[in-house]
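Please look over the sequence and the structure below before reading the report.

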Amino acid sequence: MGDTVQQFFTVKAKIAAAEREAGREAGAVTLVAVSKTFDAADIGPVIEAGQRVFGENRVQEAQGKWPDLKEAFPDIELHLIGPLQSNKAKEAVALFEVIETVDRDKIAVELAKEIIRQGRAPKLYVQVNTGSEPQKAGIEPREAVAFVRRCREVHGLGIEGLMCIPPADENPGPHFALLEKLGEEAGVAKLSMGMSGDYETAIAFGATSVRVGSAIFGSR
């Protein structure tokens, strides 16, 4: 068994242990295996081992490798977890089952147009910039609930989750707690939070999905 597959099973076991520790149901948390920068040859063994949910950062990179993989494995669910430019909305709606990075009205408008035009309905999450970091995508926490409402009522989008990436140099716990609170206020069922270094903490704070890349595939 290759290193990658072994690491994948280790992550799965840690998620199961964190679910138990948090008193949550087994299988309550979805693993999004972050395959950005890795090619089909690297991803294949993890698919063969049973993983079906993957995350990509860039629309263009995903277009290069996923259509063939999805043809071979039609039950794959692909998440866009990187910033979305409005001029890529068409491609994103065509390729991804879940778009986690809705963070401004311009994107919401373009997505709404493409969803109607293509007759495809990817699940949508709003990205919240919990640390208010100027260099990072995501809507400000104080604007998040109103933005979710606007997406639903003005743009006609079904928002089902929130996503965050806490600042790298801060304790992630308060950021996860903030996202959980905003999720309750916004009336969303899903919380995408936690990455390779902190996914067990995120599970304790109610994450419904965790985005794990380097702990499975190694660093690139």
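## Helices H6 and H7

Helix H6 covers residues 141-153 and helix H7 residues 173-186. Their axes are 10 Å apart, and the packing angle is about 35 degrees. Axes here are lines fitted to C-alpha atoms, for helices over the stretch in contact, with angles running from 0 to 180 degrees between N-to-C directions. Helices (H or I, at least four residues) and strands (E, at least two) are DSSP runs, numbered from the N terminus.

On the H6 side, Pro141, Ala144, Val145, Val148 and Arg152 meet Leu178, Leu182, Glu185 and Ala186 of H7; contact means heavy atoms within 4.5 Å. By class, this contact of H6 with H7 has seven nonpolar, no polar and two charged residues. Ala, Val, Leu, Ile, Met, Phe, Trp, Tyr, Cys and Pro count as nonpolar, Asp, Glu, Lys and Arg as charged, and the others, Gly among them, as polar.

## Basis of the model

This is a predicted model, in which local features need pLDDT of at least 70, side-chain atom pairs count only at pLDDT 80 or more, and totals for chains, interfaces and linings use all residues. Residues are numbered from 1 along each chain as its sequence is written, and side-chain values use heavy atoms, with hydrogens and water left out.

## Helix H2 and its surroundings

In H2, the residues Ile43, Gly44, Val46 and Ile47 are buried, that is, under 20% relative accessible area, where exposed is over 50% and partly exposed in between (1.4 Å probe, protein chains only). The buried residues of H2 pack against helix H1 (3-21), strand S2 (53-56), helix H3 (59-72) and H9. Just after H2, glycine 50 has a positive phi of about 115 degrees.

H2 and H3 pack with their axes 11 Å apart, at an angle of about 35 degrees, and their crossing is right-handed. Ala40, Ile43 and Ile47 of H2 make this contact with Lys65, Trp66 and Leu69 of H3. Five of the contact residues are nonpolar, none is polar and one is charged.

## The largest nonpolar core

The largest nonpolar core has 61 residues, and Trp66 and Ile99 touch the most other members. Such a core is a set of buried Ala, Val, Leu, Ile, Met, Phe, Trp, Tyr and Cys residues joined through side-chain atoms within 4.5 Å. Leaving aside neighbours within four places in sequence, the contacts of isoleucine 99 include Leu80, Leu84, Val93, Leu111 and Tyr125.

## Aromatic pairs

The structure holds four aromatic pairs. Rings of Phe, Tyr and Trp (its six-membered ring) pair if their centres lie within 6.5 Å; planes under 30 degrees apart count as stacked, over 60 as edge-to-face and the rest as tilted. Phenylalanine 38 and phenylalanine 217 form a stacked pair, 5.2 Å centre to centre with 25 degrees between the planes. Phenylalanine 38 lies in the loop between strand S1 (30-34) and helix H2 (40-48) and phenylalanine 217 in helix H9 (residues 214-217), so the pair ties together parts 179 residues apart in sequence. Both phenylalanine 38 and phenylalanine 217 are buried.

The ring centres of phenylalanine 176 and phenylalanine 205 are 6.4 Å apart and their planes are at 55 degrees, so this pair is tilted. Phenylalanine 176 counts as buried at 0% relative accessibility, while phenylalanine 205 is partly exposed at 27%.

## Serine 86

Serine 86 is in the loop between strand S3 (77-80) and helix H4 (89-95). Serine 86 counts as buried because its relative accessibility is 17%.

Definitions and conventions
A crossing is left-handed if the near helix is turned anticlockwise from the far one by less than a right angle, and right-handed if clockwise.
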